[in-house]
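Look at the structure below with its aromatic side chains in mind.

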Amino acid sequence: MELFERPGGGERAVLVQISFNAAKSPQDEKEFVELAYSAGAQLVGFVAGSRQSPDPRYFIGEGKAEEIRLLLNAKDANLAIFDHSLSPAQERNLEKRLQCRVLDRTGLILDIFAQRARSHEGKLQVELAQLKHLSTRLVRGWTHLERQKGGIGLRGPGETQLETDRRLIGERIKQINKRLEKVQNQREQGRQARKKAEIPTVSLVGYTNAGKSTLFNALTEAEVYAADQLFATLDPTLRKVQLPNQQETILADTVGFIRHLPHDLVAAFRSTLQETIDADLLLHVIDSHDEQLELYREQVNKVIAEIGAENVPQIEVMNKIDLGGQTPHVEEGNGITPTRIYVSAQKQSGLDILLEYLGNYFAGQMFRGELNIPPLHARLRARLYADKAIQQESITDEGNFRLKVAIDQRRLNQYLHEEGLLLTDL
């Protein structure tokens, strides 16, 4: 049983965007339009305006509501989308006045997420956020909700339909939370295994459509879906990346952030965003060609702080430099501003610089020295050769292999653990 409606694709929609005591940016309008297109809406009108404060009844004024109603009728539209969060009462009042479905920004983003979710976990997280959002507005178009169930022989202090629906939603939310807890435990086991192997994790974060998935594909040769649209990536993907000096890292691609990201979504996706919280390093991907990059940078850092990852070291990857005619280079941070690496993921330009920088970043954990390996542990010697970590070799009087090596400390610790050895043994 579906407890919420999913709008069909291609609905004729009128967009409504109101500014309050601030100059509206053309980029805000562009992003709103892209969100509507991403949801599959067919845009037939755009209504803009400004107010000192939201109207408690309609959010917009009476005059603006009438203007929207006339436009909806003229364009034969059946959906009004507001670039704002509406209260349940405002949404209900607008639907009565406009005689069509009304969707606010939260509902719009939730719908896009519902379309993008591919994994079992992603679908559960989206449904959880949708149900939490829906539970506050069980009024839209459900004329039976406030009527007492009953009839001859069934009258009495029974549950109202509204209470029944709320109870069903509450039960479904409990079921989803239990399932997500299992998935979260599996993810946690994977994270613990990576920690045990001492492989560092690098998480890609950034504003939606900054080019994270394109960069991820370029660095890992993966085939994660990447497109010039908002929220192209929803489900997190992890891949191993080889770095210079026989090092490696796990690279995680995550969902893009956006201004006014619905709180329910941040809460629902907390288990997914755990990859960001537990990362050893964040690569904050920024569209260097975007006019609002400062605002987007601030919005991403705000969400990073909200999920508790503000203390994870961060490097900014200034992407899409080909659009501005820049060349790949590194700007070292000064303690106030983070290090910035300029690349073009689309043109695969500057990726060698990025990988080299990551290699040097983690090279602080390099082991350089001599190991005396008994013949009994020849497999360790073979693995060091396979990693090209051995610089010189000789045989001791006791018949041990004396190796001069340079290898990532994490990888060496992993090998020693698998052999049941300690560094002090060698």
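Is Y361 buried, exposed or partly exposed? The model is a predicted one, and in this model Y361 has a relative accessible area of 35%, so Y361 is partly exposed. F362 has a relative accessible area of 4%, so F362 is buried.

A pair of aromatic rings is described by the distance of the centres and the angle of the planes. A search of the whole structure finds three such aromatic pairs. In one of them, the ring centres of F32 and F46 are 6.1 Å apart and the planes meet at 70°. Planes over 60 degrees apart count as edge-to-face, so this is the label for F32 and F46. F32 belongs to helix α1, residues 26-38, while F46 belongs to strand β2, residues 42-51. The pair therefore ties together parts that are 14 residues apart in sequence. F32 is buried, with a relative accessible area of 0%, whereas F46 is partly exposed at 29%.

Y361 and F362 also form an edge-to-face aromatic pair. Their centres are 5.0 Å apart, with 90° between the planes.

A ring can also have a charge over it, as at F401. The charged end of R381 sits over the ring of F401, at 4.5 Å from the ring centre.

The last stop is D104, in the loop between β4 (101-103) and α4 (105-116). D104 has a relative accessible area of 2%, so D104 is buried. Setting aside neighbours within four places in sequence, D104 is in contact with F82, H84, S85, L86, E91, H133 and R137.

Note on methods:
Residues numbered from 1 in each chain as written. Predicted model: local features only at pLDDT ≥ 70, side-chain atom pairs only at ≥ 80, totals over all residues. Heavy atoms only, no water. Phe/Tyr/Trp six-rings, centres within 6.5 Å; stacked < 30°, edge-to-face > 60°. Helix = DSSP H or I, 4+ residues; strand = E, 2+ residues; numbered from the N terminus. Buried < 20%, exposed > 50% of the residue type's maximum accessible area, 1.4 Å probe, protein only. Lys NZ or Arg CZ within 6 Å of the ring centre and 35° of its normal. Contact = heavy atoms within 4.5 Å.
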